[in-house]
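Q: I am new to this structure and would like a close look at a single part of it. Could you walk me through the place where the ligand sits and what surrounds it there?

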Amino acid sequence: MDEHKIAIIGGTGDLGFGLALRWAHAGAQVVIGSRDEKKAQDSAERVKEKLCESGSPPERVLVSGLENTQAAAMASIVVLAIPFPGQVTILKSIRGSLKNAVVVDTTVPLAATLGGKPTRLLGVWQGSAAEQARELIPTSTPLLAAFHNLSAEALQDLSAVLDCDILVCGDDQLAKETLFPLVKLIPGLRPLDAGPLEMARIVESMTALLISLNRRYRTHHSGIRITGLRPES
Ligand SMILES: NC(=O)c1ccc[n+]([C@@H]2O[C@H](COP(=O)([O-])OP(=O)(O)OC[C@H]3O[C@@H](n4cnc5c(N)ncnc54)[C@H](OP(=O)(O)O)[C@@H]3O)[C@@H](O)[C@H]2O)c1
């Protein structure tokens, strides 16, 4: 097992909680971050309860809850799982706490976060939420964009079989090599190198398409698979 500690900023919410649950299930060390420490601790307890109910020995569930800046300070991977309107404030609040961490941005700038349609994106001056995030943290901190096309509802249901490619965008190859094994820890997920950070414009917008498909096919579980790649991918 890799020794990485994964902090999930906004790990009390749908996507972050689902990732925390699945990573803790796989034996990874997870710190749930929240603006409210008590809320983070309650979410960590919920992860423990769910995993113990599903048969995990309590001593193998390595999850805790902390206020966002404290969570960020102790992790080598910091996953940002908050709605777009909170991205600037939260990144400004945690950037001083990041210590040699790889930051993984999951943000989709959905119009719904500001009262618009869930199948539309907001315009972001930098091109994508991930490129906005890039401007808000030190240049020495690697930033990746990933997990945009993954269903939070499927993640949170441990009986659901996941079946999704995780398109990872970013300009730092070493950071991608750090994240890929952590993606593979979750059964049913396959990390793919989707190229430079600017590709996040496309990957983020695909979430709006998936939301549209979810509505048409009355599900919350749609995801993506890329075909035609070499088998070892
Ligand atoms: N849900 C999905 O299926 C899914 C899939 C792929 C990508 N995403 C992306 O992942 C991100 C998180 O989505 P989500 O559905 O998990 O969101 P969410 O449940 O609405 O919120 C996640 C957490 O973010 C914090 N938060 C909420 N509003 C905030 C604000 N204005 N400022 C700072 N923090 C705030 C809250 O944590 P505290 O109150 O504890 O601080 C909340 O529990 C979004 O950018 C979304 O586009 C979601």
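A: Let's begin with a term: a pocket here is an open set of grid points where a 1.4 Å probe fits, with protein on both sides within 12 Å along at least five of seven lines. Its volume is the space filled by probe spheres set on those points. Please keep in mind that this is a predicted model.

With that in hand, the largest pocket has a volume of about 1,100 Å³. Several elements each give two or more residues to its lining: helices H1 (14–25), H4 (87–94), H6 (152–156) and H8 (200–216), along with strand S2 (29–34). Helix H8 gives the most, with five residues. The lining of the largest pocket has 40 residues, and those nearest the centre are Asp 14, Leu 15, Pro 83, Leu 110 and Ala 152. By class, this lining divides into 20 polar, 14 nonpolar and six charged residues.

Now for the ligand, whose space is this largest pocket. Around the ligand are 20 residues, with Thr 12, Leu 15, Ser 34, Lys 39 and Ile 82 the closest. This shell holds nine nonpolar, eight polar and three charged residues.

Let's zoom in on some contacts. Lys 39 places a polar side-chain atom 2.5 Å from an oxygen atom of the ligand. At Ile 82, a polar backbone atom is 2.7 Å from a ligand oxygen atom. Val 108 has a backbone N or O atom lying 3.3 Å from an oxygen atom of the ligand. Overall, the protein covers 76% of the 890 Å² of accessible area that the ligand has on its own.

Technical notes. Residues numbered from 1 in each chain as written. Predicted model: local features only at pLDDT ≥ 70, side-chain atom pairs only at ≥ 80, totals over all residues. Heavy atoms only, no water. Near = heavy atom within 4 Å. Polar contact = N/O pair within 3.5 Å; in protein donor to acceptor, adjacent residues only side chain to side chain. Areas by Shrake-Rupley, 256 points an atom, 1.4 Å probe, with all protein chains shown as cover. 1 Å grid on protein atoms, 1.4 Å probe; cavity = no way out; pocket = protein on both sides within 12 Å on 5 of 7 lines; lining within 4 Å. Sits in = over half its atoms within 2 Å of the grid points. Nonpolar A, V, L, I, M, F, W, Y, C, P; charged D, E, K, R; others polar. Helix = DSSP H or I, 4+ residues; strand = E, 2+ residues; numbered from the N terminus.
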